[in-house]
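Here is a short report on one protein model. Look at the structure first, then read on.

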Amino acid sequence: MTQDCRQVLIELLFLSLYLDNKLSMAEDDVFGEALESLGWESPYPRDKFIFSAFGEARQVATDAIRTEDFLNSRTGVIRRDGQEGEAMTWLSRVLGSDGISKEEKRFLELLEARLYPEA
């Protein structure tokens, strides 16, 4: 996985956590697993990126148009790198760790439609 794809996936994970306005311990644990599994290969410190990505996800989540643009640009990077399966796996694991709400299910469906448009 490229560093660009890794960063995009982290951004999508943060956005996904805003969907039901509830962060559970289970989600937090699996999110931490995802961060460790994905690794980090950038001179830019991961902690600084995470702080920035968290803030951006919070802002994007409040506006439907910004959310659409955000999803389109981020899923394009994942598709370019051929990491659709890994992205859907981590997002499903994080969101499903405490049960999937209607909002989370809709988010996963939107992502799947963008990641697998010809399906």
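## A ring in the core

Is phenylalanine 14 buried or exposed? Phenylalanine 14 has a relative accessible area of 7%. Buried means under 20%, so phenylalanine 14 is buried. Keep in mind that this model is predicted.

Phenylalanine 14 also belongs to the largest nonpolar core, which has 33 residues. Leu12, Phe14 and Leu91 have the most contacts inside this core. Helices α1 (3-17), α2, α3 (46-60), α4 (64-80), α5 (84-96) and α6 (102-115) each supply at least two of its residues. Helix α1 gives the most, with 9 residues.

Now take leucine 12. Leaving aside residues up to four places away in sequence, leucine 12 touches Phe70, Leu71, Arg74, Ile78, Leu91, Phe107 and Leu111.

## Aromatic pairs

How many aromatic pairs does a search of the whole structure find? The search finds 4. In one of them, the rings of phenylalanine 14 and phenylalanine 54 have their centres 5.3 Å apart. Their planes stand at 75 degrees, so this pair is edge-to-face. The pair links distant parts of the chain. Phenylalanine 14 is in helix α1, phenylalanine 54 is in helix α3, and 40 residues separate them. Phenylalanine 54 has 34% relative accessibility and counts as partly exposed.

Another pair joins tryptophan 40 and phenylalanine 49. Their ring centres are 5.3 Å apart, and their planes are at 40 degrees, so the pair is tilted. Phenylalanine 49 is buried, with a relative accessible area of 8%. Ring pairs also link Phe14, Tyr18, Phe31 and Phe54 into a cluster.

## Two helices that cross

Two packed helices are described by the angle between their axes and the distance between the axes. The axes of α3 and α4 come within 8 Å and cross at roughly 130 degrees. That angle makes α3 oblique to α4.

Which residues meet here? From α3 come Glu56, Gln59 and Val60. From α4 come Arg66, Thr67, Phe70 and Arg74. The residues of this contact divide into 2 nonpolar, 2 polar and 3 charged.

## Leucine 38

Leucine 38 lies in helix α2, which covers residues 25-38. Its relative accessibility is 6%, so leucine 38 counts as buried. Setting aside residues up to four places away in sequence, leucine 38 touches Met1, Arg6, Leu9, Ile10, Glu86 and Trp90.

How far apart in space are leucine 38 and alanine 87? From C-alpha to C-alpha they are 10 Å apart, while in sequence they are 49 residues apart.

How values were computed: Residues numbered from 1 in each chain as written. Predicted model: local features only at pLDDT ≥ 70, side-chain atom pairs only at ≥ 80, totals over all residues. Heavy atoms only, no water. Helix = DSSP H or I, 4+ residues; strand = E, 2+ residues; numbered from the N terminus. Buried < 20%, exposed > 50% of the residue type's maximum accessible area, 1.4 Å probe, protein only. Contact = heavy atoms within 4.5 Å. Core = buried A, V, L, I, M, F, W, Y, C linked by side-chain atoms within 4.5 Å. Axes fitted to C-alpha atoms, helices over the stretch in contact; angles between N-to-C directions. Parallel < 35°, antiparallel > 145°, perpendicular 65-115°, else oblique. Nonpolar A, V, L, I, M, F, W, Y, C, P; charged D, E, K, R; others polar. Phe/Tyr/Trp six-rings, centres within 6.5 Å; stacked < 30°, edge-to-face > 60°.
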